[in-house]
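Please keep the sequence and the model side by side as you read.

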Amino acid sequence: MVFRKLPGVSASGMGLRLSQKFVFLLFLSGLVTLCFGALFFLPDSVRLKRIFLSKTETQPVTVGSGSENDAREHLKRPKEQDHGPRGMTPAKGETSSSKLKSLSRKPPVSHEATEERLAGGKAQEDFTLPKSKTESSGLDKATASDHSSDTFSFQKFKRCLLKHPLGRNNGKPSDPKTNERREKVKEMMKFAWDNYKRYAWGKNELRPLTRNGHIGNMFGGLRGASIIDSLDTLYIMGLMEEYNDAKEWVESSLDLNSNGEASLFEVNIRYVGGLLSAYYLTGEELFKAKVLELGEKLLPAFNTPTGIPRGVINLGSGTSWSWGWASAGSSILAEFGTLHLEFVHLTELSKNPIYREKVMNIRKLLNKIEKPHGLYPNFLSPVSGNWVQHHVSIGGLGDSFYEYLIKSFLMSDKSDEDAKRMYYGALEAIEANLVQKSAGGLTYIAEWRGGILDHKMGHLACFSGGMIGIGADDGVPEKRQHYLDLAAEITHTCHESYTRSATKLGPEAFRFDAGAEATATRLSDRYYILRPEVIESYMYMWRLTHDPKYRDWGWEAVEALEQHCRVESGFSGIRDVYTTTDSHDNMQQSFFLSETLKYLYLLFSDDDLLPLEDWVFNTEAHPLPIVRTSCLQDEITQDKTVSE
């Protein structure tokens, strides 16, 4: 290298300055390297790592090749299959094994996924949640939360309840006959639980005939679905030894670091819902810590151009995609519409607004797009934000979306006007287009396929009697009685579907055409898998009217369950409700413990056990408290005044 001599500078002096500069630059580069390296190795550097490193990630998507029938109510699966939005089955002719393979196989990255990455493929830095103050300190979490308005206080929450969750006497009815029935339901729960613990402990569900456990592929490697689903049921029934066993399993064995492919919907309603309700009923910080850890793992499913989450998520990698059977890679109304209750409570507990923002974004999109005849179709593209098919159902694929609208309004202490407007608008459209009267005078809700009515009602749709009932008070005042009457008529129709079978249990779907009245006309619709929806409506209608027939109808169901579904080592669904020669499906569903038995127990309890003034039930029957924001704020203000 040749250095040009500068005027007034000697060669030796210039060389000295250059060597000093070289040393300074060397020191400076080392300092910069050290700082950036430290950033990447500090505990809170995850956000920075994602900013720099995550742009290579893509979200694969499955473009469905089947017809709408391939979706076949994705939670209607009998036998050993898993169960999704209140239940749907694979398409006719598709075997169980092929269905399981199609759900467990990760789909290839498509052209649509590439477009999505270009359109909205931000790094996932907004899914990194800040650590709570109590997590980074050695303080007891419950004590710490009472001293900060930035964290959730269980004690403040309890003071905002109008009544004790378990009532004056644990909801024990004064009538001996009703109490005897309640005790029978409690015995059924203990029998189901004891056999699950003996033969399937830690697995997701019990196979009572073969006396072994079932894992399935709906929970992404998570285990213990029956345990999480049973926590609140065991607690409210006073089965404390069983509850403590369940709590101990959660503490020692619930591993959330799975790397499987999970249904966002199922994990949310069963695991998130179950842990939330267990926390709110008991105040055990264990449940709060677990549910916040799990909630964070679900957030990447929302990483789409529209913010509409995909149906399947890998809980380990955060990769998400659509169900293979869902038309054109669409998301399902009953799945992305059944997140609001749980996600609002995740924000309440974490004080992180991201959960509420995610579900409110879904609302905003639904309010923007046109609804055919005011109806909400079941399939929506998470990429374009447009409806994919004009199939409308209050049963499988659609059901709990409507349920969560009215319950969001109620859970907000009746302050969520947007949910209220959406619910009553949807109900008007349902009445105008889907509600029908059979030749025999039965009221039912048909399905709508591009303007053509399918005169079928699924067992899953039978929850709507209770839904319409709890929403009767808050619509137009002159329609209050009309809604109560409609709720009673639908509940009556669903009861008829039970009474017209040989077993006195209802089929998976029943029809009102070709002379049929509330009867399954297809062999594929005759099964019963311990579903709760009809009993759910009995419970709500009892609370709203105190008409004794609802308790009588519930007892009929108990007797039928005992006669046809109780086997030596648990309870099992049956394949044909129209024959008394029972053929069992060898599956004790987790929702039987969470919903069916809980709703029966509440039906035979006093109304102050989980009173509706304080609690709403998610679609898996997990009770979540009404959020009284003004009360909680007043509590904080009072605490500050006292401390000053």
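## Helix packing and salt bridges

Helix α19 (residues 533-545) packs against helix α21 (residues 590-603) at an angle of about 25°, and their axes are 9 Å apart. The two helices are therefore roughly parallel to each other, a term for angles under 35 degrees. Axes here are lines fitted to C-alpha atoms, for helices over the stretch in contact, with angles from 0 to 180 degrees between N-to-C directions. Helices are DSSP runs of H or I with at least four residues and strands are runs of E with at least two, numbered from the N terminus.

Before going on, a word on the source: this is a predicted model, in which local features need pLDDT of at least 70, side-chain atom pairs count only at pLDDT 80 or more, and totals for chains, interfaces and linings use all residues. Residues are numbered from 1 along each chain as its sequence is written, and side-chain values use heavy atoms, with hydrogens and water left out.

Which residues of α19 meet α21? They are Ile535, Glu536, Tyr538, Met539, Tyr540, Trp542 and Arg543, and they meet Thr596, Tyr599, Leu600, Leu602 and Leu603 in α21; contact means heavy atoms within 4.5 Å. By class, this contact of α19 with α21 has nine nonpolar, one polar and two charged residues.

Arg543 of this contact also takes part in a salt bridge, with Asp607. The pair links distant parts of the chain, with Arg543 in helix α19 and Asp607 in the loop between α21 and β18 (615-617), 64 residues apart. Arg543 counts as buried at 9% relative accessibility, whereas Asp607 counts as partly exposed at 25%. Buried means under 20% relative accessible area, exposed over 50% and partly exposed in between, with a 1.4 Å probe and protein chains only.

A salt bridge is a side-chain nitrogen of Lys or Arg within 4 Å of a carboxyl oxygen of Asp or Glu.

| Salt bridge | N to O distance |
|---|---|
| Asp413 and Arg628 | 4.0 Å |
| Glu489 and Lys437 | 3.6 Å |
| Arg543 and Asp607 | 3.7 Å |

Asp413 is partly exposed at 38% relative accessibility, while Arg628 is buried at 10%. Glu489 in helix α18 (residues 480-499) pairs with Lys437 in strand β10 (residues 435-437), so this pair ties together parts 52 residues apart in sequence. Salt bridges that share partners also join Glu447, Arg449, Asp454, Lys456, Arg511 and Asp513 into one network.

Met411 is found in helix α15 and counts as buried at 2% relative accessibility. Its C-alpha atom is separated by 7.4 Å from that of Trp615, 204 residues apart along the chain. Leaving aside neighbours within four places in sequence, the contacts of Met411 include Leu341, Val344 and His345, as well as Leu624 and Pro625.

Val344 is also one of the residues in α13 that meet α14. The axes of helix α13 (residues 340-350) and helix α14 (residues 354-368) come within 7 Å and cross at roughly 150°. That makes α13 roughly antiparallel to α14, the term for angles over 145 degrees.

Definitions and conventions. Parallel < 35°, antiparallel > 145°, perpendicular 65-115°, else oblique. Nonpolar A, V, L, I, M, F, W, Y, C, P; charged D, E, K, R; others polar.
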